[in-house]
Amino acid sequence: KGFELKRRGELMLIKDFQAQVFKKFLEGTTLAEAYQAAGAVANESLDMLYSKGDGYEDDEVLTKVTLSSNMTRRLSEYPEAQKSLAITSARRIAQFLGPQMVKDKGLSCTFILSRKPLGKPVTERPIPIMIFKAEPAVRVHFLRLWTGDSALTLSSGIKDILDWDYYIGRFNACVQKIITIPAAI
C-alpha cells in the first residue's frame, strides 16, 4: 500500500524503480548491504535523469517520463480559468487535433512536462505526447507556441524540451521514501 507500482498515471521511471528495488533489498546479508543494493538501482535511474537522457533513445526517454491523467468531465465543463496538467493538456490537444477530439468526458491525457515557458507554473507547461508523432513542421509549430521558444528547430527533440529538474525532484521524493529515510531510521 502506498506505492506507485500499480497506480495509473505514475511515471514509468518510478514504477520500474519500485519493481526492481524490492528484489534488491533481499540481496544483502546485512542491512547496510541491502540498502547499498537498493541504492544501486536508484543510481541507474538517476544517471538517466542527471545526464538528461544521454545514451538513451528519445522513445525510451518518452516512455519513462510520460505522465497521464484522466479527465472526469468534458473539457467544456471546466471553467476557463481553472488550471491543471490534464486541462492544459486537453486544451492543447484541441488546438492540435481539433475540438472534436476532447468533447467527451473521460479523456485520457498523456503528456510530458516542459521546462518552458520559463517562470510559468507547472500547470502551464504540459506537452501532449501525441505532438511528437506529428509531421516535423507541425510539431515544431506547436512546440514553439506552447513553450514560447522560437529557437526550437526540426532537429529539436524531447530531451531539449523536458523539465529535467521536475523529474529529478519527483524521482528523488520516491527514493527518499523507499531508501533514504528508512536507511537513516
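## Around Ile179

Let's start with one side chain. Setting aside its neighbours within four places in sequence, Ile179 is in contact with Phe17, Val21, Phe25, Tyr35, Ala38, Gly39 and Ala42. Bear in mind that this is a predicted model.

## The nonpolar core

Ile179 also turns up in the largest nonpolar core, which has 51 residues. Along with Phe17, Leu49, Met71, Ile112, Tyr167 and Phe171, Ile179 is among those that touch the most other members. Who supplies this core? The elements giving two or more residues are α1 (12–24), α2 (31–50), α3 (58–65), α4, β2 (108–113), α5, α6 and α7 (164–184). The top contributor is α7, with nine residues.

As background, nonpolar side chains in soluble globular proteins tend to be buried together.

## A look at helix α5

Helix α5 covers residues 136–147, 12 residues in total. From first C-alpha to last, α5 reaches 16 Å, close to the 16 Å expected at 1.5 Å a residue.

Which residues of α5 are buried? They are Arg139, Val140, Phe142, Leu143, Trp146 and Thr147. These buried residues pack against α4 (85–97), β3 (126–128) and α6 (158–161). Just after the helix, Gly148 takes a positive phi of about 70 degrees.

## Cysteines

How many disulfides does a search of the whole structure find? The count is zero. As for individual cysteines, Cys109 counts as buried because its relative accessibility is 0%, under the 20% cut-off. Cys174 has a relative accessible area of 5%, so Cys174 is buried too.

Key
Residues are numbered from 1 along each chain as its sequence is written. This is a predicted model: local features need pLDDT of at least 70, side-chain atom pairs count only at pLDDT 80 or more; totals for chains, interfaces and linings use all residues. Side-chain values use heavy atoms; hydrogens and water are left out. Helices (H or I, at least four residues) and strands (E, at least two) are DSSP runs, numbered from the N terminus. The expected span of a helix is 1.5 Å times one less than its number of residues. Buried means under 20% relative accessible area, exposed over 50%, partly exposed in between (1.4 Å probe, protein chains only). Contact means heavy atoms within 4.5 Å. A disulfide is a pair of cysteine sulfur atoms within 2.5 Å. A nonpolar core is a set of buried Ala, Val, Leu, Ile, Met, Phe, Trp, Tyr and Cys residues joined through side-chain atoms within 4.5 Å.
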